[in-house]
Amino acid sequence: MDLASKAGKHLQLKETFERHSRVYTFEMQIIKAKENYAGNYRCEVTYKDKFDSCSFDLEVHESTGTTPNIDIRSAFKRSGEGQEDAGELDFSGLLKRREVKQQEEQPEVDVWELLKNAKPSEYEKIAFQYGITDLRGMLKRLKRMRRVEKKSAAFARILDPAYQVDKGGRVRFVVELADPKLEVKWYKNGQEIRPSTKYIFEHKGCERIMFINNCVLTDDSEYYVTAGDEKCSTELFVREPPVMVTKQLEDTKAYCGERVELECEVSEDDANVKWFKNGEEIIPGPKSRYHIRVEGKKHILVIEGATKADTAEYSVMTTGGQSSAKLSVDLKPLKILTPLTDQTVNLGKEICLKCEVSENITGKWTKNGLPVQESDRLKIVHKGRIHKLVIANALVEDEGDYVFTPDAYSVTLPAKVHVIDPPKINLDGLGDDNTVTVIAGNKLRLEIPISGEPPPKAIWSRADKAIMEGSGRIRAENYPDSTTLVIDIAEKDDSGVYHINLKNEAGEAHASIKIKVVDIPDPPVAPNVTDVGDDWCVVTWEPPVYDGGSPILGYFIERKKKQSSRWMRLNFDLCKETIFEPKKMIEGVAYEVRIFAVNAVGISKPSMPSKPFVPLAVTSPPTLLTVDSVTDTTVTMKWRPPDQIGAAGLDGYVLEYCFEGSTSAKQSDENGEAAYDLPADDWIVANTELIEKTKFTITGLPTDSRIFVRVKAVNAAGASEPKYYSQPILVKEIIEPPKIRIPRHLKQTYIRRVGEAINLVIPFQGKPRPELIWTKDGAPIDKNQINIRNSETDTIVFIRKAERSHSGKYDLQVKVEKFVETASIDIRVIDRPGPPQLVKIEDVWGENVALSWTPPRDDGNTAITGYTIQKADKKSMEWFTVIEHYHRTSATITELVIGNEYYFRVFAENMCGLSEDATMTKESAVIAKDGKIYKNPVYEDFDFTEAPMFTQPLVNTYAVAGYNATLNCSVRGNPKPKITWMKNKVAIKDDPRYRMFSNQGVCTLEIRKPSPYDGGTYCCQAVNDLGTVEIECKLEVKGGLSFCRLLLQGVPPNIIDSYLRDLHSSNPEEY
């Protein structure tokens, strides 16, 4: 007989599958056995074309007591790996007859009848007692059950309002039809139910029955059956069995400071369990000493650092039972491992009182019966079982009786401290050579601080002759904390060495002091004026004959107009030399100067005045005289204004030339200075009238002739020194030799990382258009990998994604007819290095491990800048960095945890960063220990991540055209944010006019020589994984064309700046 069709209230069949062990379990449970259930039972299993079975005999005996539940389970194992249906069937575990313990049958309780008759305030208690977790759903269903159902034409008997079944049990739904021909369909939450091993349908006359086998919590829902156009519904409630306490709590005793664990076991995994202390529920938290740990059916209450307050009765409660136990916490017996010892220390030394007890407890320190208070000088240290009282710079008042008393114990640890101090002489205020200088005629009272306990006796002496205390001109005065030497009306003979001797019970002290009597120096002789300029002159003088016994510290210089009697000081800081250059004088006015000598005593009388002199000078020579253009009959020259124009101003320029071979011509070097004479005629003035412009064309020149050119600046004082062109100029349309202008940043090795773009622009000159040839390491450049673009004025080398093979020496040759110019550029493409070749453990001692490694084979085409060492505990294998940016190939790792076993690995580092992989040690390092096993404390990782935030904003800025401008702000965030600069909402990338820096969170944008077109709104954007933040400012560039126009007209920059500031202050609205 197939028992699947008989499954119902008295017979239940279950099937489970364990995925990890790949074992199927088939279970048959007889709820209430009867005599006719006895017989032979067989379990058959088929899989594809395989078949196996096992059988057992069941005997049923009459019992006057309660009927036992018979639970029969057979284990069927499947061998092999792969899919769930792979392998062969293995019936190694056959069913065996076993004794079933008789349990007292509990009367079935209808929970819904209890809820109907209970008060609403008791609903939560009943739900917890009978394992109903969805309280809100229970109330909704209870409300539906109370509705009055109308009579139905299709159903003679409808479903009950609600059904209840235990988890894993079987439930039976029955309806009776008025017409047996009606089609019946069953639904669960609106979904039609199909027949299966879980859902079994039976027809008995007009009855329609549905069985649900092996009920689980997901079966707890609404069901309804339809017959024709009518339906009736019901609710199924799956109740979890009550959780029982299978292992009771046990009474426990512990000592203060220990970790206590109270453990119990319940009948279900991860069950809801509540803990109580003296009847009050324990609610664990992040700062609580109480922690609850659940390991399957085990529930453990952990108390960290137990105290006497933890002595109480602890209990645990489940839905089906409870258990309690008592915890007793007592103090450990205290032993004195190291007592305090009496100490004698010198004044100013450190006092350290140290004791050690057997327990890690707190205590109190007292001095002469009074509590000791901590201060900057006095520190109380408690580290484990060791207690210290440290007094820095011991004083006399620190002497006394000290006692340490452990808390909660009646034990005391006493010690005595005695402080002594030998005599000392304090000469800190006298300088390195202990010299005291006194001015002749003054009174000297030299007070020297002394110290010592007891106060020492002081004796002064000079040349082995003691200086007595009394009322003489030279006498000594002694006090408890100082000694004084007094000299009334100091004389030159009083100079010499004086000795001090101190003596007391603790020792002796000696010192020597040099006394020097000085006076003011004599006045210097009259100064000489050796050179005169437009508003300056050069003055020299000789030092005074007598310096007053003290070195000359410097000189003061004064000047006055010849017709005036008022002298004006020219220097407020002493002039150390015997030469001085007075400035800011008026041209055409006669002046006189005089000198004062200064030593440590004072200022001498003034010297005699110098001879009168008048400042007046011409401008400096023009600068940067160059050839602008040359034709067959003309030469165009251009130059820059003189560096120094002077108050007389600049009236114009005179341009002169002469032909090669004239008597006045001079061959000039490249700086424009005359070198040697050549035969020549007179210089010819090219312009008959003064010209204000800095450009002029000399006309009417014979073709193929050679001329020398010079230019002079003219003002009211006359013509300046001429500025010569460095070589003769050929009057002929000439070929311009090629010239390569290598940018400054390319004159050294140009370094880029792999994957970055290389874009090099090299300007050059030459007429006619030069011929350009690029080579790499002496070979032609492969244009498939490197793009070369040439124009009339520059050549561009572009590599979209740099590779290490692009590294090398690039040679550029610019050729114009027979003229050739060459230049070289070194390009190095770098990448991250490879890992070190071998990392090994050289030695292990104490808490230290010595490591060594060999450098990587691949350095990434650049020097290795350092190494990063990481460690990992063998238990967790989580890596932590211990040393960064380490330059050697061997290191010692310290402060390792005793009892742990460590692995180490090393990363190599260069300019590009760390290597992708690290080399790990093959063997591990075991930090051995003796004695008690150390347990690592558990710390929670701190979250250092932070969204970017600007701590210093950008500010609106004004810049002067032609002068570099900078924008600064500061930002913080973790991970380190990526910084992007934008102008008018457009990102700034690969623009040589901008330079961007970021150092320690300070972001800087430098704008090189801005123009008015560089003004606008600038934005700094910071981005990381946690967010994006932006900040803006406005930049306004002033100056521009006005500044350039004035500069081209020959006006010096300092006068332009002063003019623009005055213009801005007079018309602030227009500028």
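Contacts, cores and a buried asparagine

Biologist: Which residues does Ile 513 touch, not counting residues up to four places away in sequence?
Modeller: In this predicted model, Ile 513 touches Leu 427, Leu 430, Asn 434, Val 436, Leu 446, Ile 448, Trp 460, Gly 496, Val 497, Tyr 498 and Ile 500.

Biologist: What makes these touches count as contacts?
Modeller: The cut-off is heavy atoms within 4.5 Å, and the listed residues are in contact with Ile 513.

Biologist: Which residues have the most contacts inside the largest nonpolar core?
Modeller: Ile 425, Leu 446, Ile 448, Trp 460, Ile 513 and Ile 515 do, in a core of 24 residues. Strands 34, 35, 36, 39, 40 and 41 each supply at least two residues of this core. Strand 41 gives the largest share, five residues. Another core, of 22 residues, lies apart from it and includes Ile 742 and Val 814.

Biologist: Why is Asn 1024 called buried?
Modeller: Its relative accessible area is 11% and the limit for buried is under 20%, so Asn 1024 qualifies. Asn 1024 lies in strand 84.

Biologist: What makes the approach of the side chain of Asn 1024 to the backbone oxygen of Glu 946 a polar contact?
Modeller: The distance is 3.1 Å, and the pair must lie within 3.5 Å. The side chain of Asn 1024 also has a polar atom 3.0 Å from the backbone nitrogen of Leu 1026.

Biologist: How much of the chain counts as buried?
Modeller: Of its 1071 residues, 37% do.

Key
Residues numbered from 1 in each chain as written. Predicted model: local features only at pLDDT ≥ 70, side-chain atom pairs only at ≥ 80, totals over all residues. Heavy atoms only, no water. Buried < 20%, exposed > 50% of the residue type's maximum accessible area, 1.4 Å probe, protein only. Helix = DSSP H or I, 4+ residues; strand = E, 2+ residues; numbered from the N terminus. Polar contact = N/O pair within 3.5 Å; in protein donor to acceptor, adjacent residues only side chain to side chain. Core = buried A, V, L, I, M, F, W, Y, C linked by side-chain atoms within 4.5 Å.
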